[in-house]
Structures are given as structure tokens and as C-alpha cells.
Amino acid sequence: MPWRRAWHDALYASGSGFYRSGDGPAAHFATAANGPAGAALAEALLALWHRSHPRPPTVVVDVGAGHGELAAHLAALLDRAGDGGASATTRVVAVDVTARPAALPDRVEWLVSPGGAALPHALDEALDEAFVGALVVAHEWLDVVPCTVAEVGTDGALHELLVDPASGIETLGDALVGDDLSWCERYWRATEPGDRVEVGRSRDEAWSGLLGRVRSGLVVAVDYGHTTGTRPPAGTLTGYAGGRQVVPVPDGACDVTAHVAVDSLEADERVRQRDVLDALGLTGATPAHDLARADPLAYLSALQRSSALTALRDREGYGAFWWVVRRVRPADVP
Ligand SMILES: C[S@@+](CC[C@H](N)C(=O)[O-])C[C@H]1O[C@@H](n2cnc3c(N)ncnc32)[C@H](O)[C@@H]1O
């Protein structure tokens with residue numbers, strides 16, 4: 001079957017999909033959101049919000065929330081904000097495909113989503129209320145939105161790749177046509193036999209679908225990706241399971257992911273995470289040693305924050321992630 005369909009079933013089919021299992025992504029791989037850097041990531045997202053908004057958001061939404069780890073950090077920060085309790089009234093909504101995780105703080109609302117490019121109707125209601133401003137975050141969501149995978153055949157044309165879901169064995173299907181082909185011609189040209197393309201059209205549509213639900217605010221996708229000029233000729237499709245990178249067999253036993261073509265997404269800004277943190281003044285400087293004597297607990301927590309920021313800024317790691325930012329103002333809405 002076409003990769004896109006096999007991929008969707010492998011991750012989101014009810015009963016058997018990898019992400020439906022309930023273990024959550026953190027059981028299989030670490031992300032900046034579900035690991036020790038999560039609190040610093042939440043701090044950076046709220047700092048970005050406050051760079052252009054004096055008041056706190058009405059609602060914060062985490063799309064593709066895993067088990068709500070980042071949403072919980074965001075909620076904790078909002079509750080601690082020194083603004084006389086204004087941020088404590090911000091709704092925090094996490095969206096993912098499983099039932100509400102047992103360990104999620106009560107403060108965080110939970111919405112169950114169909115998965116992939118589709119989002120739940122209940123999200124429209126949460127965002128509709130947020131006329132004065134929603135902060136919507138999608139951390140490592142778009143890389144698990146299944147897309148068409150194509151390969152250049154010996155005839156020099158792009159063909160859709162088909163895959164056997166049980167074995168992962170691929171065969172070349174028909175020549176690519178229509179919107180997928182148009183997307184490749186515009187964003188990812190491939191002409192050498194054997195070169196592969198992960199057709200970002202479905203990610204563009206998923207992203208636009210999310211933007212279309214936001215009446216006003218800031219929508220931020222954070223993900224690994226590439227741009228024209230740095231497309232990987234062999235593609236990036238891969239799998240993860242049990243903490244290891246594995247061959248991406250779409251049988252429901254592993255995550256299947258591919259980098260995001262970030263320059264085809266509708267955006268006001270596309271910036272590497274390290275540069276975002278620089279611009280926000282989140283440099284990860286080590287705390288002064290004097291603090292260790294004066295207030296050992298404060299010193300330890302400052303040290304923890306500094307090492308989290310260092311991990312988020314690492315050029316070879318999370319620092320190379322892209323922040324794709326779209327500012328939605330009331331005037332943008334038809
Ligand atoms: C790679 S994990 C990232 C989880 C978390 N954001 C993090 O960074 O740790 C991708 C998550 O997106 C979720 N997801 C995929 N499609 C979704 C959709 N349409 N709505 C909500 N969640 C979705 C998956 O179920 C999975 O938990």
C-alpha cells in the first residue's frame with residue numbers, strides 16, 4: 001500500500017496504532033519536551049509569547065502532547081508567573097491520541113485526537129474562546145504526520161513508493177501526479193534514480209488546518225527539518241522503538257517519522273532553536289558560585305536550568321531544531 005496510508009495505520013489505527021498503545025512517546029524516545037529540558041523549553045515558549053503580548057494568553061494548547069509533559073511545565077510556569085495571578089487563569093489544553101494520562105495534573109485539560117493530520121472538533125471550541133490570544137505549540141507533531149514517499153525511477157520520473165506493512169519491503173508504484181507532484185516541483189526536485197522525496201504537502205495541510213482554527217495568537221511548530229538546498233537525497237524516513245533507531249517497518253511496533261520541509265509551511269518566521277533562545281536572552285550561563293554558599297537550593301535549580309538551556313542550544317542536537325512561527329491577528333481571520 002502507499003507509504004502514507006501504511007504509516008497512518010501503523011501510528012494511529014484504533015487498537016493497534018503505535019501511538020494508541022498508551023505507553024506514550026517517552027517510553028520509546030527522549031524529546032526536549034519529555035526530558036529534563038522540558039521546563040526550559042516551556043520558559044522559552046512563554047518568553048516568545050511575552051515578546052509580543054503584554055498580557056498572558058487566554059489559552060495554551062499543546063498539539064501532539066505525548067503524555068502532556070510540556071503542557072504540565074507550561075501550566076506550572078503560568079501558575080508561578082509574578083503577574084498577580086493573571087496567568088493562573090490561562091487554560092492549558094493538551095491534545096493527543098490516547099486517553100488522558102493518569103499522571104497529568106488536573107490543571108491541564110485533555111482532548112483526544114484522531115491523529116496524523118486530523119485534529120479533534122473539541123479543539124475548535126477551546127480556540128474559539130481564545131479571541132484575545134492563544135499560544136499554540138506543536139512540538140515534534142509534524143514529523144509524525146504521515147506523508148507520501150516517492151522515489152525517482154530509472155525513467156527519471158518520481159514514483160510513489162509502496163510498502164508491505166508486515167515486512168517494510170518497498171516497491172515502486174505509479175508515477176507521481178497531481179498535487180503531490182506539484183509540491184515536489186516547487187519544493188523538492190529530485191532527478192537521480194534512487195533519490196527519495198518525502199512529500200511535505202500533508203504536513204503543510206495539517207499545519208494550515210491548525211492555523212485556520214486560531215482566531216488570534218501565536219502558533220509555533222518545533223521540529224527537525226530541512227529547507228531547499230539542504231534536502232537529504234536519500235530522505236529521512238526512519239523508525240524508533242524502545243530507545244533505539246530502527247528500520248521503519250509500518251507494522252505498529254515502532255514510531256515512523258521523517259524530517260519536516262519547514263520552508264513549505266506557512267510562516268512569519270523560521271528560525272533555528274539556538275537562534276530563538278539567543279534572541280530571547282536564554283543563554284544558559286552558569287550561575288555564580290557565590291550563590292552555592294548563599295542559597296544552595298537556588299544554586300542547584302539555577303544549575304539545572306543552565307544545563308537544560310545548554311541542551312536546548314546544542315547545535316548538533318536540539319539547537320538545530322526549527323521554530324516555525326505564525327502570528328495570527330484578528331485581521332488575518334476571514
Ligand atoms: C514525536 S511525539 C512528540 C510528543 C511530545 N510533543 C514531545 O515532544 O515529547 C508525537 C506525538 O504527536 C501525537 N500526534 C500525532 N498526530 C496527532 C494529532 N493529529 N493530534 C494530536 N496528537 C497527535 C502522537 O500521538 C505523539 O504523541
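On a 1 Å grid over the protein atoms alone, a pocket is an open set of points where a 1.4 Å probe fits, with protein on both sides within 12 Å along at least five of seven lines, and its lining residues have an atom within 4 Å of a point. Grid points are joined across faces, edges and corners, and a volume is the space filled by probe spheres set on the points.

This is a predicted model, in which local features need pLDDT of at least 70 and side-chain atom pairs count only at pLDDT 80 or more, while totals for chains, interfaces and linings use all residues. Residues are numbered from 1 along each chain as its sequence is written, and side-chain values use heavy atoms, with hydrogens and water left out.

The largest pocket has a volume of about 730 Å³. The ligand takes up this space; a molecule sits in a pocket if more than half of its atoms lie within 2 Å of the grid points. The lining comprises 43 residues, and Phe29, Thr31, Glu140, Asp143 and Tyr224 are nearest the centre of the pocket. β1 (59-63), α3 (69-80), β2 (91-96), β11 (238-241) and β13 (255-257) each contribute at least two lining residues; helices (H or I, at least four residues) and strands (E, at least two) are DSSP runs, numbered from the N terminus.

Around the ligand there are 22 residues, the closest being Thr31, Gly64, Asp96, Ser113 and Ala118; a residue is near a molecule if one of its heavy atoms lies within 4 Å of it.

| Residue | Protein atom | Distance to a ligand nitrogen |
|---|---|---|
| Glycine 64 | polar backbone atom | 2.5 Å |
| Glycine 116 | backbone N or O atom | 2.8 Å |
| Tryptophan 141 | side-chain N or O atom | 3.2 Å |

The protein buries 99% of the 590 Å² that the ligand exposes when taken alone, with accessible areas from the Shrake-Rupley method and a 1.4 Å probe.

The second largest pocket holds about 270 Å³ of space. It is lined by 13 residues, with Ala39, Ala40, Ser301, Gln304 and Arg305 closest to its centre. α2 (38-52), α3 and α9 (296-313) each supply at least two residues of this lining, and α9 gives the most, with 5 residues.

Definitions and conventions
A polar contact is a pair of N or O atoms within 3.5 Å; within protein, one must be able to donate a hydrogen and the other to accept it, and residues adjacent in sequence count only if both atoms are side-chain atoms.
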